Amino acid sequence: MASTLALQPQAVSAPGKVFVAGGYLVLDRKYTALVFGLDARIHVEIEPIRTKSGVTLSEIIVRSPQFREAAWEYGYRLTEGDGGIAVTQLRASHASSLNSNPFIETALTYALTYISTLQSSPLAPSSISILADQPYYSNPGVPLSPSSPFLDFSVALSDAHKTGLGSSAALVTAFTAAVLSYYLPREKFDVESEQGKTVLHNLSQASHCAAQGKVGSGFDIASAVYGSCLYRRFSPSLLSTLPPPGAESFATQLRALVEGSTWDVEIAKAKVKMPKGLRLVMCDVDCGSQTPGMVKKVLKWREENPQEADRIWGELQRGNEAVAEELTRLATEGGADYGRLKDIIAGNRKLIREMSKASDVPIEPPQQTQLLDACSAVPGVVGGVVPGAGGYDAIVLLLEDKEEVIGELRKVVEGWKVDGEGEDGVTIGKVGILGVREDMVGVRRENVEIYKEWITETA
Ligand SMILES: Nc1ncnc2c1ncn2[C@@H]1O[C@H](COP(=O)(O)OP(=O)(O)OP(=O)(O)O)[C@@H](O)[C@H]1O
Ligand SMILES: C[C@@](O)(CCOP(=O)(O)O)CC(=O)O
């Protein structure tokens, strides 16, 4: 498959997220979430395939050069019956095993299929590189050169320790945007335009859900596209009638879904601001315990105790909106009296603990209560919460953006030690401050030059 037009290299990045308020509630459209985009981004660069040998390859090669054995080669072809573009992973050699990456494979299938509905010319082969900012993983890494912003982690992706910033959502968003920007002319897709963002959001939600095999609230894709926002989810039924890739009419239905007006998602960027003197800090908590099934268990509790759950969720929703309103008020009117904000956050934490207890799910378990209380007592720290679904592995704090406040906070968290295990048998280990803060900007085009040293030719 060869194209007649010379395609220009493109690069796009999308931010990670921290879910400050509305975990669980946001699964129901009645409620909203307060999500902040972070200044940690996943970058995707795409360019024509270059081979040392000069041989023409008709495939799309995706690499994540910061990790070992992280290359995926795909063949692709237009299917019959309007089933879209079928993507097949190829083996690099007979000896190598197939190491699949469902997020990349699905995002590629959906993006190429959408493109195929907009233009009939064959899609030229390409080479795609993924580069992630350091805070996504807690593994130590080394820069390729002193000026390089990206680290070589020297491990396989399966050995990367994720810090929970939403790597798959930022990846799917940046990847989809890069592929669309590369193959489509600007008049058909412009990542900087509102229409372009809508298409990107809808397409990325559809492929991220398909790759995950479940329909979550989609807050992570929304913040990867739009940055910090107040988010009301789309109706999950929107995705239920889409046929699977390759099935009859997948391509037409995907385009209709992505461009259609049925999306009832609400993204309010204007309702979320960060006052000038404040910032977010995230702490990663080293903890062996994973808590699968938390969402299922909370939803079951809600189903079985509708009155109690409605009361707690109603109060939490008001508290969550109050956080957004107070932040916006402080950002607009100025002032440095954070007393009200402190009270609102403390009130929300109380409700979260109530929900934890009632559902018997460790959303804010006692180990995290101790850590949050200690951090909140540091002068200049307004408050903090367990982000997203909660659990043992992270906290997020709102504090005055001053060196001395971070310095004092660092002393508390880095010396943090819980003696013995909690009643639930879980011990939390080392706590570290992640090198991230909030960022209001979502997906954006990048200069392709910054990735040069990471891009390798194909043999
Ligand atoms: N740098 C990368 N290169 C290629 N694939 C990646 C990269 N980072 C993440 N991924 C893909 O995303 C998957 C991780 O996604 P997952 O949804 O489990 O976690 P997350 O989005 O980082 O975390 P959370 O939802 O807890 O915030 C990896 O298994 C891999 O397929
Ligand atoms: C519990 C939930 O509301 C938030 C999960 O957030 P996180 O994966 O912990 O960042 C689930 C969802 O919104 O899809």
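The largest nonpolar core has 132 residues, and V35, V44, A111, A174, A178 and A222 make the most contacts inside it. Helix α2 supplies the largest share of this core, 12 residues. Both domain 1 (10-269 + 440-454) and domain 2 (278-437) give the core at least three residues each. This is a predicted model.

Leaving aside residues up to four places away in sequence, A178 touches Q10, A11, V12, V44, E45, I46 and I128. V44 is also one of the residues with the most contacts inside the core.

**Two domains**

The chain splits into domain 1 (10-269 + 440-454) and domain 2 (278-437). Their C-alpha centres are 29 Å apart. Across the boundary, 21 residues of domain 1 are in contact with 24 residues of domain 2. On the domain 1 side, β1 (10-21) and β2 (33-47) supply at least two residues each. The largest share of that side comes from β2, with five residues. By class, the side of domain 1 that touches domain 2 has 13 nonpolar, seven polar and one charged residues.

**Two ligands**

Ligand 1 has 14 residues around it, and S64, G164, G166, S167 and S168 come nearest. The most come from α2, which gives four residues.

Ligand 2 is surrounded by F19, G23, Y24, V26, L27, G216, S217, F219, V295, P387, G388 and A389. Where does ligand 2 lie relative to domain 1 and domain 2? Ligand 2 lies between them, because domain 1 (10-269 + 440-454) and domain 2 (278-437) both give residues to its shell.

The table sets out the shells by class.

| Shell | Nonpolar | Polar | Charged |
|---|---|---|---|
| Ligand 1 | seven residues | six residues | one residue |
| Ligand 2 | eight residues | four residues | no residues |

**An annotated stretch**

An unreviewed UniProt entry lists residues 162-227 as "domain: GHMP kinase N-terminal". What is the helix and strand content over residues 162-227? The chain there is 67% helix and 0% strand. The end C-alpha atoms of this stretch are 20 Å apart.

Terms used:
Residues numbered from 1 in each chain as written. Chains lettered and ligands numbered in written order. Predicted model: local features only at pLDDT ≥ 70, side-chain atom pairs only at ≥ 80, totals over all residues. UniProt positions renumbered as here; feature names shortened; annotations may be inferred. Near = placed C-beta within 6 Å. Nonpolar A, V, L, I, M, F, W, Y, C, P; charged D, E, K, R; others polar. Core = buried A, V, L, I, M, F, W, Y, C linked by C-beta atoms within 7 Å. Buried ≥ 20, exposed ≤ 12 C-beta atoms within 10 Å, placed from the backbone. Domains from an automatic or database assignment. Contact = placed C-beta atoms within 7 Å.
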